[in-house]
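I opened the structure to look up how its parts pack together. These are my notes.

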Amino acid sequence: MEFIKLRQWSASIPGPTISELIENVKKGQILSWFKELRQKHGSTFRIWFGKDLMVFFTDPEDIKQLLGNNNLLYKSSNYKIVTPWLGNGLLTNGGESWHTRRKFLTPAFHFRILSEFKEPMEENCRILMRRLDEKIEDGEFDIYPYITLFALDVICETAMGIKKNAQMQSESEYVKAVQQICHILHKRSFSFWQRNNIFFKFTQDGRKRDACLKILHDETHRVIKLRRKMLEDSKITSMLEAEKSCDSFGQKKRFAFLDMLLISQMEGVPLTDREIREEVDTFMFEGHDTTSSAIGFAIYLLSQHSEVQQEAFEECMILEGNEKENMPYLEAVIKETLRLYPSVPTYARYITEDLQVGKLTLPKGSNISIMTYLTQRDERYFPEPEKFDPQRFLQKDKEQHPFSFVAFSAGPRNCIGQKFAMLELKCSLSYLLRNFEFLPVKDFKPNALPELVTKSGNGIKIRIKSRGN
């Protein structure tokens, strides 16, 4: 009955046919097609994904209303694809359960967080630099695989407190499992057959996914036991004791996100080991895939704009070691990268009750999608929207709609890891810019794909030159 009502209601909203969608997914140019849909149908349009109705919003005024809504807290059905891995972690959870978890995760997440995490980021930058040194004489190459392994190393140390050495051991079982499951999930999110197939786990991809899940979940469980024993041996049972603790050299002990959760559990926060695993796995997935996407696209854009790269390089030289502080130009470069290539191209929610948005009343059972990629290309707020221009974020006198740039989302479900992501982006780009000059590859343009995270279908091809520091 609900489906029939949705079908009837959807006839009042413009949008493409299913066959148009299938045709454009096959072409692999889905973002260009979305731009065409907005030009043709206006700022709001709908698409049927099999039996799921998705209404897309791109106007900042509508987005303000949607992201600021305290009742719109359930993710849409397409997030179910990642549930076998992430369970009911912060990304996939909804409603009151999400609200409770977010409330007690926030202090754990911000506990000494920036001072704790900068060091492992820099250590892994040094490894990345040594690996890239080998590519200086090689001409053009795809930098993206190097960036993803770097981001995976950083997230393993900061989320779980363990060194995985992914950059040096890219053939390790765990590293391959992370890469393979991300590939399977991306593939499934755009396949009608796989997306709605209740027998997916019996397919070849389903069996591969389950094998990866076993490796990933077993490892997180192993590390939870390991870190709990470490805390017990150190006699740390509260955040206060953690704050004061030092190692045998008198240095302040470094704590990972997992340690914060285990200490919270000791302090009486109602967290089971399964819930801790879900949050750590969520942080692992969100924290390595999104940052590697942003770093990759930033490097591509810098390679294409030598004057921007030079200005960013000069700031990085002056502010070396101060990446935790304000770096106005590099931050503007990062924001402009995220405007053009948002790491999360769309935020989707499930409508549990009829919802009024502007003049539209959305029926219960439908899904809404905030199309970040299109919102941040609105000519009213970003003239010449396809142009890479960091100055947009340095103009103090310009009035900007607060919801025209939502790369980290906004409202109650904004990105909890925003400060972490900005620190990693600043650390890594600052380090790389001080050591290398990024040069363009003739006729190369990344093919941005709106998977779970924005990825380039043809990699990030560049050339590099040593700055000889």
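**Helices on the three-stranded sheet**

I began with helix 14 (residues 273-304), which lies across strand 8 and strand 11 and runs at about 80° to strand 8. The model is predicted: local features need pLDDT of at least 70, side-chain atom pairs count only at pLDDT 80 or more, and totals for chains, interfaces and linings use all residues. Residues are numbered from 1 along each chain as its sequence is written, and side-chain values use heavy atoms, with hydrogens and water left out.

I noted the terms. Helices (H or I, at least four residues) and strands (E, at least two) are DSSP runs, numbered from the N terminus. Axes are lines fitted to C-alpha atoms, for helices over the stretch in contact, and angles run from 0 to 180 degrees between N-to-C directions. Contact means heavy atoms within 4.5 Å.

Next I looked at helix 18 (residues 418-435). Helix 18 packs on the sheet and touches strand 8 and strand 11. Its direction makes about 90° with that of strand 8.

**The sheet itself**

In what order do the three strands of this open sheet stand? I read 3-11-8, with antiparallel pairing. Strands pair if DSSP finds at least two bridges between them. Strand 3 (141-142) and strand 8 (436-439) are at the edges with a single partner strand each, so one side of each is left without a neighbour in the sheet. Two bridges pair strand 3 with strand 11 (residues 461-466). I found Asp142 opposite Lys461 in strand 11.

**Helix against helix**

Two packed helices are described by the angle between their axes and the distance between the axes. I looked up two pairs.

Helix 15 (residues 306-318) and helix 18 have axes that come within 9 Å and cross at roughly 105°. That makes helix 15 roughly perpendicular to helix 18 (angles under 35 degrees count as roughly parallel, over 145 as roughly antiparallel, 65 to 115 as roughly perpendicular and the rest as oblique). Helix 15 brings Gln309, Ala312, Phe313, Cys316 and Met317 to the contact, and helix 18 brings Ser430, Leu433 and Arg434. By class, I get five nonpolar, two polar and one charged residues. Here Ala, Val, Leu, Ile, Met, Phe, Trp, Tyr, Cys and Pro count as nonpolar, Asp, Glu, Lys and Arg as charged, and the others, Gly among them, as polar.

Helix 14 packs on helix 16 (residues 328-340) at about 105°, with the axes 9 Å apart. So helix 14 is roughly perpendicular to helix 16. The contact residues of helix 14 are Ala294, Phe297, Ala298, Leu301 and Leu302. Those of helix 16 are Val333, Thr337, Leu338 and Leu340. Their classes are eight nonpolar, one polar and no charged.

I then turned to an open sheet of four strands, in the order 1-2-7-4 with mixed pairing. Strand 1 (44-49) and strand 4 (347-350) are its edge strands, each pairing on one side only. Strand 2 (residues 52-57) and strand 7 (residues 367-370) run parallel, joined by four bridges. Which residue in strand 7 is the bridge partner of Met54? I found Asn367.

**Two domains**

The domain assignment gives domain 1 (1-72 + 345-381) and domain 2 (73-344 + 407-466); such bounds come from an automatic or database assignment. Their C-alpha centres lie 28 Å apart. The contact takes 30 residues from domain 1 and 32 residues from domain 2.
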